Amino acid sequence: QVQLVESGGGLVQAGGSLRLSCAASGRTTSTYAMGWFRQAPGKEREFVATISWNGDTTYYAESAKGRFTISRGNAKNTVYLQMNSLKPEDTAVYYCNFGSSMEPSDYPYWGQGTQVTVSS
């Protein structure tokens, strides 16, 4: 069974930073790309960032470019999202997953996510 556990969310003021963590298990996650998604209240889940299985290649949504950095842990089944210069519009539940697709509907399994709230 696939397990995805996200952590590190919280309440932060605009301009602040947070670092999200994700631990994946249940399949050979070390050979997969991994990514972050988010879902704001009343909105569809959307792609944020993805990283290749070896960490060499990253890709970001326009909203994340220049502010967010995705990285993988040494164990390769962990992925992080460093978020700087946070804005109120970044408020959402953040989820991780493994795979390179930027389309949330391509993923059958999701974790509980971690809530990020940015106050103005």
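Trainee: Which residues have the most contacts inside the largest nonpolar core?

Mentor: This is a predicted model. Its largest nonpolar core has 27 residues, and Trp36, Leu81, Met83 and Tyr94 have the most contacts inside it. Several strands supply at least two residues each, among them S3 (18-25), S4 (34-39) and S9.

Trainee: What is Met83 in contact with, leaving aside its neighbours within four places in sequence?

Mentor: Its partners include Leu18, Leu20, Phe68, Tyr94 and Val116. Contact here requires heavy atoms within 4.5 Å.

Trainee: What makes Cys22 and Cys96 a disulfide?

Mentor: The S to S distance is 1.8 Å, and the cut-off is 2.5 Å. The pair therefore qualifies as a disulfide. A search of the whole structure finds 1 disulfide.

Trainee: Why is the disulfide called right-handed?

Mentor: Because the torsion about the S-S bond is about 55 degrees.

Trainee: How do you know whether Cys22 and Cys96 are buried or exposed?

Mentor: Buried means under 20% relative accessible area. Cys22 has 3% relative accessibility, so Cys22 counts as buried. Cys96 has 0%, so Cys96 is buried as well.

Trainee: Why does Asn97 count as buried?

Mentor: Asn97, found in strand S9, has 2% relative accessibility, so the label buried applies.

Trainee: What lies 2.6 Å from a polar atom of the Asn97 side chain?

Mentor: The backbone oxygen of Tyr109. With a cut-off of 3.5 Å, the distance of 2.6 Å is within the limit for a polar contact.

Key:
Residues are numbered from 1 along each chain as its sequence is written. This is a predicted model: local features need pLDDT of at least 70, side-chain atom pairs count only at pLDDT 80 or more; totals for chains, interfaces and linings use all residues. Side-chain values use heavy atoms; hydrogens and water are left out. Helices (H or I, at least four residues) and strands (E, at least two) are DSSP runs, numbered from the N terminus. Buried means under 20% relative accessible area, exposed over 50%, partly exposed in between (1.4 Å probe, protein chains only). A polar contact is a pair of N or O atoms within 3.5 Å; within protein, one must be able to donate a hydrogen and the other to accept it, and residues adjacent in sequence count only if both atoms are side-chain atoms. A nonpolar core is a set of buried Ala, Val, Leu, Ile, Met, Phe, Trp, Tyr and Cys residues joined through side-chain atoms within 4.5 Å.
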